[in-house]
Amino acid sequence: MGVDKITGEARNITAKISAHYVDNARTLPWRIPPRLSAAGTLPDPYHVWLSEVMLQQTTVAAVIAYFKTFTARWPTVADLAAANEADVLAAWAGLGYYARARNLHKCARYVAEELGGNFPEQEAELLKLPGVGAYTAAAIAAIAFGQRAVVVDANIERLAARLFAIDTPLPSGKADIRAAMDALTPEFGAGDFAQACMDIGASICTAKSPKCAICPVQTHCAAFARGDQEAYPVKPPKKAKPMRRGRFFWIEQDRRLLLVTRPPKGMLGSMRALPDDGWAASMNGHGEPPLNGDWQVHENVVQHSFTHFSLEVDVAVYQGDMAVINKCNNDDTGSDNGKKGEAGLGDAIWWPIDGIEDAGLPTLFKKAVRWAEKHKREV
Ligand code: SF4
C-alpha cells in the first residue's frame with residue numbers, strides 16, 4: 001500500500017490502536033496508566049526524558065532497574081544536575097553508549113541552571129537540549145506535554161513499515177514511514193498513541209514471528225495480506241563490522257588493582273578503566289605497556305561488540321617490581337584522590353578487587369576482571 005492511500009484508513013487504524021492500549025498498556029515506572037492520561041494527567045517530564053534517553057539503543061527490561069536507581073538517588077532534574085559527573089557515569093555503568101550519560105548530566109545542568117528546572121514543552125525547543133535528538137524531542141513533547149508530535153522509534157518503524165508494506169529500504173524509507181505515522185497520529189492523545197504503537201511493536205509486531213493473530217490492526221495490514229511480514233522494514237545490505245585489537249594492562253598488588261580514568265573525549269570518556277594501549281574504533285592499539293618490566297600476555301581473552309566495530313582484547317599481567325609503581329596511591333578505600341602514577345598511567349589509583357563493582361567499570365572492562373579472577377582460580 002502506498003503512503004498516499006493511508007489517509008482513508010487512518011482514522012480506523014488510529015482508533016483500533018488507541019482502544020487496544022486502554023486494556024493492554026505495559027506498566028512501566030515512567031508511565032501514567034491510560035485511564036489517568038485520558039483524564040488529563042501527564043507524567044513527570046523528568047521521568048519521560050530520563051527514560052527516553054536510557055531507552056536509546058537499550059531494551060525496556062534493562063532500563064527499568066537503572067531508571068529506579070536514578071530516580072531514587074536523584075529524584076528531580078535539579079538533584080541530577082547537582083551530582084558529580086563521575087557518580088552519574090558510575091551509576092550508568094552497564095547501560096553502554098556512555099556519551100548518553102555525559103549528555104544526560106549536561107542536559108540536567110542546563111535545564112536546572114538555565115531553565116529553572118523546567119523542561120521546554122515544544123519539540124523545537126526540546127531539540128536544542130544536549131543529547132536530545134528528533135525522536136526524543138517528539139516523544140517528550142507528546143508524552144510529557146500532550147503536544148501533537150510524530151514519534152517514530154524502531155518498534156514504531158517496524159509496525160508502520162508492515163502496516164503499509166513500505167518497501168523503500170532504510171534509511172531512505174524513513175521518510176515514508178514518518179509520513180505514514182504523521183497520517184495516523186491524532187490531534188489529541190499523541191503521547192498515548194505513540195506509546196500504544198511502541199507496545200504493539202514490542203510485544204505483537206515483533207521483529208521475528210509477529211503475533212498477527214492477536215494484532216488489533218491485522219485487517220488493515222498490507223504485509224499480513226501479502227504474507228511477507230518479516231520482509232519489513234526493508235533493511236540495506238549489511239556491512240561487515242571491522243575487527244580491532246587492543247590490550248589491557250593488569251597491575252595488581254595485595255588484591256588491589258590499578259585503575260585509570262579515561263580521557264574525557266573519545267570512547268568511554270571519563271570512565272574508570274584498566275590502563276590500555278590506545279585502541280579505538282578506527283585503529284588497533286599499539287600494544288606497548290605503560291611501563292617497562294615483565295608482562296605475561298594472554299591473547300584474545302575478551303571479545304566485545306560495539307555498534308560499528310568488534311574488539312578483541314589481550315590482557316597483559318604485570319609481573320615486575322612493584323616498587324616501580326609505588327608512587328601510585330596506596331589508599332585502599334577506593335577514593336579518587338590518587339597521586340600521579342608512573343609514565344603512561346595518568347591519574348592511576350589502587351582499587352580493591354573485592355569492591356570492583358563499585359568502580360563503575362564499563363562492561364568491556366568488567367569482562368576482563370571476570371576473566372582474570374577466573375584465570376587466577378584455574379592456575
Ligand atoms: Fe505487524 Fe502482523 Fe499486525 Fe501486520 S498484522 S501490524 S505484521 S503484527
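Helices (H or I, at least four residues) and strands (E, at least two) are taken as DSSP runs and numbered from the N terminus. The structure is a predicted model, in which local features need pLDDT of at least 70 and side-chain atom pairs count only at pLDDT 80 or more, whereas totals for chains, interfaces and linings use all residues. Residues are numbered from 1 along each chain as its sequence is written, and side-chain values use heavy atoms, with hydrogens and water left out.

The chain contains 14 helices and seven strands, and its C-alpha trace spans about 80 × 45 × 35 Å along the principal axes. Of the 379 residues in the chain, 47% are buried, where buried means under 20% relative accessible area, exposed over 50%, and partly exposed in between (1.4 Å probe, protein chains only).

Within helix 12 (residues 190-203) lies Gly191, which counts as buried because its relative accessibility is 4%. Gly191 and Ala141, separated by 50 residues in sequence, are 8.0 Å apart in space, C-alpha to C-alpha.

Strand 5 (residues 295-305) and strand 6 (residues 310-318) run antiparallel and are joined by eight bridges, two strands being paired if DSSP finds at least two bridges between them. Together, strand 5 and strand 6 form a hairpin with four residues between them, and Val302 has Val313 in strand 6 as its bridge partner.

Lys235 is placed in the loop between helix 13 (222-226) and strand 1 (243-250), and this residue counts as exposed because its relative accessibility is 60%.
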